[in-house]
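Biologist: Before I rely on any label here, I would like to hear the criterion behind it. Could we take the terms one by one?

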Amino acid sequence: MPIVKPTSENIKTAAELLKKGELVAFPTETVYGLGAIAFNERAVAKIFELKNRPGFDPLIVHIAEFSMLEEVCHFNEKAKRLAERFWPGPLTLVLPKKENVPGILTSGLPTVAVRMPAHKVALELIKECGLPIAAPSANPFGKLSPTKAEHVLSYFGEELFILDGGECRVGLESTIIDLTQEVPVILRPGGVPPEEIEKFLGKIEIKIASSSSPRAPGQLKKHYSPRTPLKIFWRKEKFSGKRIGFIAFSKPPAEKYEVLRILSPAGDLKEAAANLFKFLHELDKMGLDLILVEPVPEKGLGLAIMDRLRRAEADSEI
Ligand code: TXA
Ligand code: MG
């Protein structure tokens with residue numbers, strides 16, 4: 001099955017596939033997701049298999065209506081406030097799970113991650129199923145996240161039913177916040193800047209793990225990686241004779257490079273975030289020796305951008 005337009009007919013077909021226990025790729029505002037019905041253990045197992053994802057890295061459950069939460073998790077007051085303020089949107093809440101949620105989905109944790117995506121197609125698909133959908137990003141484990149339907153196709157081929165929603169508006173995964181602690185903890189920076197959450201909720205902690213600690217599964221140091229070696233460009237490093245692609249933040253560099261991309265000519269972090277994975281995918285296909293990326297200011301969405309870049313850079317050998 002190729003990439004299909006998200007007509008109501010195709011969304012119905014996708015929902016039928018899901019209800020039969022198949023996987024379907026669909027757009028969200030952050031990145032494309034690889035979905036299965038959250039309560040179908042075997043379908044969820046297929047996600048891990050297809051992505052080659054380790055069992056210790058739990059999935060996010062996507063809902064389309066607040067009423068769907070009841071079967072998924074125990075909601076609390078803070079969660080309610082955050083959900084009312086930021087949903088639908090790129091914020092994932094970690095809460096105590098309910099029994100319906102299979103252990104394979106949460107990697108055996110007593111908690112579950114849940115969010116309501118801000119994308120018409122995703123919401124329609126979930127509603128059409130009438131059930132929550134478990135979905136990680138639609139990429140093989142450790143690879144660059146997909147922000148276009150073609151990225152998903154290039155990873156998994158025509159076997160997979162892919163709903164095409166165009167380019168993802170946010171372009172970075174959701175922010176994950178753990179609400180099972182006294183003080184809420186941000187486990188992954190993403191589409192909602194931590195400052196915005198703190199302003200709204202009061203004190204929060206940020207604990208972004210850089211190893212495979214079980215508290216923040218999936219936050220492995222090496223993640224989101226292109227095949228081409230990548231370096232965050234701090235100094236004017238010399239790599240003579242190499243074919244180098246340069247991703248600048250807002251201004252073109254003085255030096256000449258094989259390829260140049262500018263994340264946001266206006267210096268806007270939102271625009272930069274939306275372009276990041278797209279540019280990395282583009283440059284990764286060009287057979288370059290090296291991709292250099294200029295660091296962006298580490299505030300607001302810049303925190304999530306730099307997090308992804310550091311993980312992409314980890315262990316890069318040139
Ligand atoms: O924007 C997004 O969040 C996208 C779209 C498709 O919604 N999804 C996404 O899923 O980024 P994924 O699988 O690539 O990342 C999910 C991460 C896991 O790696 C893990 O770190 C965290 O969510 N997670 C899931 N359940 C958790 C739990 N119970 N406790 C702590 N972290 C959890
Ligand atoms: Mg992912």
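Biologist: What makes the contact between the side chains of Glu 258 and Arg 243 a salt bridge?

Modeller: A salt bridge needs a side-chain nitrogen of Lys or Arg within 4 Å of a carboxyl oxygen of Asp or Glu. For Glu 258 and Arg 243 the N to O distance is 3.3 Å, so the pair meets the rule. By this rule the count comes to 13 salt bridges. This is a predicted model, in which local features need pLDDT of at least 70 and side-chain atom pairs count only at pLDDT 80 or more, while totals for chains, interfaces and linings use all residues. Residues are numbered from 1 along each chain as its sequence is written, chains are lettered from A and ligands numbered from 1 in the order in which they are written, and side-chain values use heavy atoms, with hydrogens and water left out.

Biologist: Why does the pair of Glu 258 and Arg 243 tie together separate parts of the sequence?

Modeller: Glu 258 lies in the loop between strand S13 (244–248) and strand S14 (259–262), and Arg 243 in the loop between strand S12 (230–232) and S13, so the parts joined are 15 residues apart in sequence. Strands (E, at least two residues) and helices (H or I, at least four) are DSSP runs, numbered from the N terminus.

Biologist: What area do domain 1 and domain 2 bury between them?

Modeller: Buried area is the accessible area (1.4 Å probe) that two parts lose on being put together, summed over both. Here that is about 1500 Å², with 65% of it on carbon and sulfur atoms. Leu 144, Leu 172 and Pro 189 supply 39% of the area that domain 1 buries against domain 2, more than any other three residues.

Biologist: How many salt bridges run between domain 1 and domain 2?

Modeller: Two. The side chains of Arg 308 and Glu 173 also form a salt bridge, with 2.9 Å from N to O.

Biologist: What makes two strands of the sheet a pair?

Modeller: DSSP must find at least two bridges between them. Strand S4 (residues 60–62) and strand S6 (residues 111–115) have three and run parallel, so the two strands count as paired. The open sheet has eleven strands in the order S1-S8-S2-S3-S7-S4-S6-S5-S9-S10-S11, with mixed pairing.

Biologist: Why are strand S1 (3–4) and strand S11 (205–206) called edge strands?

Modeller: Each pairs on one side only.

Biologist: Which peptide bond is cis, and where does its proline lie?

Modeller: The bond joining Trp 87 and Pro 88 is cis, with omega about -10 degrees. Pro 88 is in the loop between helix H3 (77–86) and strand S5 (91–96).

Biologist: What is noted about phi at Asn 52?

Modeller: Asn 52 has a positive phi of about 60 degrees although it is not a glycine. Asn 52 sits in the loop between helix H2 (41–51) and S4.
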